[in-house]
Amino acid sequence: MVYQSLLTTIGLRIAIGGGVAQSTVLLLQALASVVNIGSVIGFGALSDRVGRRPVFIVGAVAGLALGYPVLLLLGSGSAALVLVGFLLGYGLVVGAITGAGTSFITEQFAAAQHYARHHTR
C-alpha cells in the first residue's frame, strides 16, 4: 500500500530531518505498527458488520484529508507529535484500508479456489 510505504520511507526521513533522533523515530514507528495490528483487526471486524466499501472509503478519505497534516506532525521536531502522526497514518488510514481491503480481495475468489490453491499436490 502506498500510504504505508510513504510513512515507512519518506515519513522516517521527514521525522529525522525535523530533529527527532533516528532511534526515537524508529521506536515510535514500531509502536505505531503494533497499534496497526489491532486496528487492522478492528477495522476488518467493523467491515464485517457495516460492509467493506464504507470502511475502505473512510480510510481512503482519511488518507487524503490527513496526508499533509501527518507530514506536518512528522516534521514537527516533537517526538510526541511524530507519534501522533504515525498513529494517524498507521492506525487509522492503513488500518482501515488494509482491514477492509484484504477481506474484499479474498471474497473475490470462491472458497473452493482458496482451498485448492493451498492444498493441491
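User: Before we start, what does "buried" mean here?
Analyst: A residue is buried when its relative accessible area is under 20%. Keep in mind that this is a predicted model.

User: Thanks! How much of the protein is buried, then?
Analyst: Buried residues account for 31% of the 121 residues in the protein.

User: And what is the overall fold made of?
Analyst: The protein has five helices and zero strands. Following the sequence, you read the pattern α-α-α-α-α.

User: What does the C-alpha trace span?
Analyst: About 55 × 35 × 20 Å along the principal axes of the protein. The accessible surface is about 7200 Å², and carbon and sulfur atoms hold 69% of that.

User: How many of the contacts join residues at least 24 apart?
Analyst: Taking contacts between residues at least 6 apart in sequence, 76% join residues at least 24 apart.

User: Let's look at helix 2. What should its span be, and what do the end C-alpha atoms give?
Analyst: Helix 2 covers residues 22–50, which is 29 residues. At 1.5 Å a residue it should span 42 Å, and the end C-alpha atoms are 40 Å apart, so the two agree.

User: Which residues of helix 2 are buried?
Analyst: They are Val25, Leu28, Gln29, Ala32, Asn36, Ser39, Phe43, Gly44 and Ser47.

User: Why do residues three or four places apart point the same way?
Analyst: An α-helix has 3.6 residues a turn, so residues at that spacing point the same way.

User: Nice. What covers the buried residues of helix 2?
Analyst: The cover includes helix 1, helix 3 (52–74) and helix 4 (79–107).

User: Can we zoom in on Ser39? Why does it count as buried?
Analyst: Ser39, in helix 2, has a relative accessible area of 11%. The cut-off for buried is under 20%, so Ser39 counts as buried.

User: What is Ser39 in contact with, leaving aside neighbours within four places in sequence?
Analyst: Tyr90, Gly91 and Gly95 are in contact with Ser39.

User: What happens just after helix 2?
Analyst: Gly51 sits there, and Gly51 takes a positive phi of about 110°.

User: Changing topic: which residues make the nonpolar surface patch?
Analyst: Val2, Leu6 and Ile10 make a patch of about 280 Å².

User: Where is Ile10 found, and why does Ile10 count as partly exposed?
Analyst: Ile10 is in helix 1, which runs over residues 2–17.

Technical notes: Residues are numbered from 1 along each chain as its sequence is written. This is a predicted model: local features need pLDDT of at least 70, side-chain atom pairs count only at pLDDT 80 or more; totals for chains, interfaces and linings use all residues. Side-chain values use heavy atoms; hydrogens and water are left out. Patches are made of residues with over 30% relative accessible area and no salt bridge: like charges are joined within 9 Å, nonpolar side chains (Val, Leu, Ile, Met, Phe, Trp, Tyr) within 5 Å. Accessible areas come from the Shrake-Rupley method with a 1.4 Å probe; for residues, only the protein chains shown count as cover. A salt bridge is a side-chain nitrogen of Lys or Arg within 4 Å of a carboxyl oxygen of Asp or Glu. Helices (H or I, at least four residues) and strands (E, at least two) are DSSP runs, numbered from the N terminus. The expected span of a helix is 1.5 Å times one less than its number of residues. Buried means under 20% relative accessible area, exposed over 50%, partly exposed in between (1.4 Å probe, protein chains only). Contact means heavy atoms within 4.5 Å.
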